[in-house]
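Take a look first, then read on.

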Amino acid sequence: MLRLIKIDFKKYAYNRTFWILLLTYFILIVSVFFFAEKFLNLFVADAKTNVPLPVPDFSFYSFPYVWHNLAFFGGFFKILTGLIVVIFVTNEYSYKTIRQNVMNGMGRGEFLLSKVIFAGLLSISAALVLVISGLILGLVNTPELRFSLIFTNIGFIAAYFLELFSFSLLAMLIGFLLRQSGLSIVMLAIYFYIAEPILVRLLPDKVSSFLPVESMANLIDFPNSELMKMFNVNFNEFVSLPDVFICSFWSVFFVGMAYLLLRNRDF
Amino acid sequence: MKNQVLEIRNLRKSYGSLLALDDFSLQVNKGEVFGILGPNGSGKTTTLGILLDIIKPDSGQYAWFGARPFSNQRARIGALLEQPLFYPYLSAVKNLEIIADIKNVAYGEIDELLEKVGLTGRKHSKFKTYSLGMKQRLAIAASLIGKPEVLILDEPTNGLDPRSIAEIRELIIDIASRGITVLLASHLLDEVQKICSHVAILDRGKLLHTGRVDEVLNSSPMLELQADDMRALHLALQHSGVVDEIVSEGPIWLVRMNKETGPAEVNKMLTQQGIYLTHLAQRHKSLEKHFLELVAENHA
Ligand SMILES: Nc1ncnc2c1ncn2[C@@H]1O[C@H](COP(=O)(O)OP(=O)(O)O)[C@@H](O)[C@H]1O
Ligand SMILES: [Mg+2]
């Protein structure tokens with residue numbers, strides 16, 4: 001496994017596109033984290049003018065809510081980590097280096113594993129950005145800071161990782177299946193933005209909650225705010241355990257399908 | 001059998017309705033320089049691709065070093081397939097390091113290999129800035145990483161200028177002289193004739209002939225003979241009893257001797273009869289001719 005990481009490290013570390021994409025993603029996601037509260041309070045301020053009740057400001061960054069809030073909003077941008085994975089899987093086909101890797105002694109399963117590791121490390125880095133941003137924002141914005149508060153609800157960090165990882169694996173499978181970067185990106189986007197949302201509309205909730213992207217989204221429910229509580233709307237304040245299982249199932253399924261593809265195909 | 005490096009049994013591969021490889025079997029022993037000779041599209045790359053696990057056969061087996069194929073074995077095999085395949089944005093050195101990592105060997109020999117193929121001056125340039133010849137040289141260097149016991153080369157001189165072709169052939173001959181087994185696919189007859197000890201002739205996915213190159217060459221030697229008195233020469237040859245066929249070709253007689261008689265015996269016999277040769281030369285039936293005959297038969 002260390003050997004595989006070593007091999008793949010060179011493929012990305014000296015690739016400018018990789019760094020540009022990764023940096024763009026990090027800058028974007030950190031901006032989202034740091035400006036989300038201001039953004040939301042604009043709506044709250046707007047609501048204040050129309051509602052006769054006293055509406056409290058959105059307490060977005062205080063521990064322990066910060067983990068849930070950041071994880072929820074960060075999840076919208078998983079298409080970007082998926083994009084990075086698709087690009088680097090299909091690159092191996094356009095350069096035909098998958099051929100070269102295998103003929104030089106990489107097993108077909110090893111090749112797949114190297115890309116699973118890549119998706120995993122990418123998702124871990126993204127989760128680390130969440131951890132660092134959350135710590136900074138939480139420490140600055142929590143009025144009565146207690147140590148135990150920091151570690152409450154850190155399950156959302158793991159859920160965030162799972163969300164990104166399973167989506168990256170879907171992206172990886174599409175890359176292996178279609179082998180062409182443009183086509184794969186378009187198909188991933190179509191599935192993410194169009195195909196599954198339509199399916200979710202058409203199918204009853206009981207069924208649609210088993211769909212991959214839907215279950216990834218359901219892992220982390222909409223965060224409750226004081227505003228919502230006032231209107232008696234209550235969302236799940238914990239990571240949804242059934243969805244953890246569904247997402248894990250899909251992750252295993254994507255890797256398994258990719259393995260079957262790779263095992264039987266010519267390069 | 002310790003000596004057997006590769007055994008191929010009844011490989012078959014089709015692409016849709018096209019049968020690219022039809023019941024192909026072959027044995028390669030240690031130290032042989034085995035040429036797979038065939039016109040374009042005859043199935044050479046398909047065969048080598050199967051041996052390297054990048055193409056899955058429909059049926060049939062092969063064994064490397066007497067064992068069923070598994071990925072680690074390929075660390076003992078160096079290969080260059082069809083075209084050089086590298087990461088365009090990485091330098092030659094980094095590309096070779098990746099291959100060394102895949103084969104699980106140290107980077108120590110990389111500089112030496114780059115020197116050998118004449119790329120030292122450009123070793124830190126990105127692969128995409130290389131000319132075709134440089135790319136091919138890098139591919140040769142890559143195939144030598146990890147001191148392979150077997151070298152697989154698919155059209156290694158394709159698209160190169162004459163000087164590079166000569167250099168690369170020299171290099172292959174040099175490699176082969178160190179006891180490394182070589183499997184070379186080529187559509188160029190003279191390449192196989194110059195480099196290989198053994199040849200398998202392939203056409204439309206069928207193995208037409210296999211054997212030692214010199215056996216194929218020497219299957220029917222012809223002698224070119226000339227003397228001052230051509231009529232007396234003809235008469236003497238006709239009555240010698242060792243000649244199968246005499247053909248006139250311009251100023252000379254082209255003579256096919258029976259198997260046991262070499263040029264020395266012919267010369268001696270004629271001298272004893274007072275006929276002194278002004279020209280004596282041996283003409284091999286070229287591999288090309290043999291090859292074309294076999295291919296023509298296969299198409300008939
Ligand atoms: N991926 C492929 N799909 C369809 N046909 C192929 C493919 N690869 C090779 N072929 C066909 O199989 C035959 C053998 O090809 P190949 O092994 O590349 O021959 P060679 O290397 O001797 O030129 C050719 O007719 C070629 O067109
Ligand atoms: Mg070929």
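What follows covers a ligand site, a helix beside it in the discussion, and a surface patch.

Keep in mind that this is a predicted model.

**The ligand site**

Let's start with ligand 1 and the residues around it. The shell consists of Tyr15(B), Leu18(B), Ala20(B), Pro39(B), Asn40(B), Gly41(B), Ser42(B), Gly43(B), Lys44(B), Thr45(B) and Thr46(B).

| Residue | Protein atom | Distance to an oxygen atom of ligand 1 |
|---|---|---|
| Gly43(B) | polar backbone atom | 3.0 Å |
| Lys44(B) | backbone N or O atom | 2.8 Å |
| Thr45(B) | side-chain N or O atom | 2.7 Å |

As for how covered the ligand is, ligand 1 exposes 560 Å² when taken alone, and the protein buries 60% of that.

**Helix 1 of chain B**

Is helix 1 of chain B mostly covered or mostly open? It's mostly covered, with eight of its eight residues buried. Those buried residues are Lys44(B), Thr45(B), Thr46(B), Thr47(B), Leu48(B), Gly49(B), Ile50(B) and Leu51(B). Lys44(B), Thr45(B) and Thr46(B) are also in the shell around ligand 1. After the helix comes Asp53(B), which has a positive phi, near 65 degrees.

**The patch on chain A**

Over on chain A, a nonpolar patch sits on the surface, with about 1,000 Å² of accessible area together. Its members are Val30(A), Phe34(A), Phe35(A), Leu121(A), Ile124(A), Leu128(A), Ile132(A), Leu135(A), Ile136(A), Leu139(A), Val140(A) and Leu145(A). Helix 2 (16-50) and helix 6 (108-141) of chain A each put in at least two residues. Which helix gives the largest share of the patch? That's helix 6 of chain A, with eight residues.

Leu128(A) is one of the patch residues, and it is located in helix 6 of chain A. Why does Leu128(A) count as partly exposed? Its relative accessibility is 47%, and partly exposed covers the range between under 20% (buried) and over 50% (exposed), so Leu128(A) falls in that middle class.

Key:
Residues numbered from 1 in each chain as written. Chains lettered and ligands numbered in written order. Predicted model: local features only at pLDDT ≥ 70, side-chain atom pairs only at ≥ 80, totals over all residues. Heavy atoms only, no water. Patch = residues over 30% accessible without salt bridge, like charges linked within 9 Å, V, L, I, M, F, W, Y side chains within 5 Å. Areas by Shrake-Rupley, 256 points an atom, 1.4 Å probe, with all protein chains shown as cover. Salt bridge = Lys/Arg side-chain N within 4 Å of Asp/Glu carboxyl O. Helix = DSSP H or I, 4+ residues; strand = E, 2+ residues; numbered from the N terminus. Buried < 20%, exposed > 50% of the residue type's maximum accessible area, 1.4 Å probe, protein only. Near = heavy atom within 4 Å. Polar contact = N/O pair within 3.5 Å; in protein donor to acceptor, adjacent residues only side chain to side chain.
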